[in-house]
Amino acid sequence: MLINLHVKNLALIEEAEVDFTNHLNILTGETGAGKSILIGSIQSALGARIPKDMIRNGCRDALIELVFHTDSPAVKNKMDELEIPFEDGEIIISRRITNSRVINKVNNTSISIGKLKELSPLLLDLSGQHENQLLLNPQNHLAIIDSYQKEKIDPVKKKVSTLFCEYQTLEKKLSEQTLGQEQKLREMEFLKYEIQEIEEAALKEGEDDSLEKEYHRMSHAREILSDCSFIHEILSEQNGCAGDLIGDAVQKMNEVEELDEETDELSSQLQTIDALLNDFNRDLSSYISSMEFDEETFSEIEDRLNLINHLKAKYGDSLEAIRNYHDKSVDKYEQLLHYEEYMEEAKREFTNISRKLEEECDRLTRLRQDAAKPLVSAVKDALLDLNFLNVEFSVSFEKTQHFTSQGKDRACFMISTNPGQALRPLHEIASGGELSRIMLAIKSVLADEEGIETLIFDEIDTGISGRTAQKVSERLAIIAKDRQVIAITHLPQIAAMADSHFLIEKTSDSNSTISNIYPLSEEESVRELARMLGGAKITDTVLENAREMRNLTCNFRKENFS
């Protein structure tokens, strides 16, 4: 579950920290107090895009940090897969936002945004008004069904996806290879020319590099010869050259050594220098003698390099790339040479893959239809608990004409909310308040199936009031019995059900506006409920009503959870 949220320098929040608890955590506050910023910071910490203008004015960076504790095997496996340290069930996610970049870390290990998004869905599920709107698109209904019995459906979906990739590859190959006889002959002639051009070049491994070096050396032969001749002259040829001077020095050093035996080491070093210089002069003389510029050889090297560079420009930027192009061209030429046999084999493969894909799609359809039955029953029960009277709920399936990576199914949730009303597609009849409750029903059912430890509901009370609001609060309490639930609400009926109640409050002065979050004591919670019930003026009667509302929720818990 989510243990702690720490936000610093984000929008209206200067610094806020909150310790969440088990079961039902309720967040309330005036409109514009910063509730959406707080929930948005949780979304951002889990990988959502963070606009740079969210950094608080006058600050260089912002920080969002979440601390989780979980015993989930799925989370442990994902942490192992991502090679992130994971001890005692603790996960610390932090994102530091600057004007130039965002730094993501999990348990103090840097992580890419892609990998963070892989981990996030295993830690919590966040539902807001945007996600409610996703219910209006039937394309999302199939994903909900697949999530309900994920362990059974996922392996078959992966197999369908793999087969579909093979199917597309073969389909493309067949469409590209449908050639007329004249076109086939033209392509064969062109391939034959390219293959012959590469083979006649008789390229050798590393040849281009060695030729480049030799070409460079020969291009600068005159400069090299001139410089080497100058060196040889000043070392050994002209009067007073270095060789003569060192020879004189050796002779004088020998005379010194006869007078003082302690200079024998110095004499030895000088003799070594003289010997090295003589060796160098001989080697340099030999090198100068070998530096004969051969115009014919140079021309051959130049022509060979031009040929190799021409082939690189046509077939690839390296000798290896040219060879690969040659090999692929040979394979393609062979295919065209035996075109009819090749096409027959490709058609056989395509037929085989199509048959396997059809079988797996049918299998996937059966699994989805089997999953839909208990899902429909569970969602209907949840809807009845949420004050949908005489509700009917079902799933309509139909087959697509073509294969897709998700199979050949379309699914649409069908609903009737009034007696005698025919079932119709959800997106045609659901209002905003109904969508919120339907999403709550679906999320509660999926949470039981998927073992999600933390659910967050933003604006779950959209479009509801009165008895329906009370039913929603009771449903949230039931969901929170076995997991952590965090919900933002404007309704006192829902807030009264809180196990932990937090107030989000905005304060302003002439220089700044700041949002803060505080945990409320029991009496403070009653006063907040009174504010939500009575508005600006809180009378004793309103306080008594708030206290009674709180007592009623305590009685509900005793009756249902004891």
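Predicted model: local features only at pLDDT ≥ 70, side-chain atom pairs only at ≥ 80, totals over all residues.
Residues are numbered from 1 along each chain as its sequence is written, and side-chain values use heavy atoms, with hydrogens and water left out.

Helices (H or I, at least four residues) and strands (E, at least two residues) were taken as DSSP runs numbered from the N terminus, and two strands were considered paired if DSSP finds at least two bridges between them. In general, the strands of a sheet pair through backbone hydrogen bonds, either parallel or antiparallel. Strand β1 (residues 2–10) is joined to the antiparallel β2 by six bridges, and Asn 4 stands opposite Asp 19 of β2.

A further open sheet, with mixed pairing, contains six strands in the order β8-β12-β13-β3-β14-β15. Strands β8 (125–127) and β15 (513–519) stand at its edges with a single partner strand each, so that one side of each is left without a neighbour in the sheet. Neighbouring strands of this sheet are turned against each other by 15° on average, direction ignored. Within it, β3 (residues 24–28) and β13 (residues 484–488) run parallel and are joined by four bridges, Ile 26 having Ala 487 in β13 as its bridge partner.

Helix α8 (residues 207–219) packs against helix α12 (residues 295–315) at an angle of about 140°, with the axes 10 Å apart. Axes are lines fitted to C-alpha atoms, for helices over the stretch in contact, and angles run from 0 to 180 degrees between N-to-C directions. The two helices, α8 and α12, are therefore oblique to each other, given that angles under 35 degrees count as roughly parallel, over 145 as roughly antiparallel, 65 to 115 as roughly perpendicular and the rest as oblique. Among the residues that meet in this pair are Leu 211, Tyr 215 and Met 218 in α8 and Phe 298, Ile 301 and Leu 305 in α12.

Ser 120, found in helix α3 (residues 113–123), counts as buried at 7% relative accessibility; buried means under 20% relative accessible area, exposed over 50% and partly exposed in between (1.4 Å probe, protein chains only). A polar atom of the Ser 120 side chain lies 2.6 Å from the backbone oxygen of Leu 46, and the backbone oxygen of Leu 116 lies 2.8 Å from a polar atom of that side chain. Thr 468, in helix α17 (residues 466–480), is likewise buried, at 14% relative accessibility. Its side chain makes a polar contact with that of Asn 387 (2.9 Å), a polar contact being a pair of N or O atoms within 3.5 Å, of which, within protein, one must be able to donate a hydrogen and the other to accept it, and for which residues adjacent in sequence count only if both atoms are side-chain atoms.

How values were computed:
Contact = heavy atoms within 4.5 Å.
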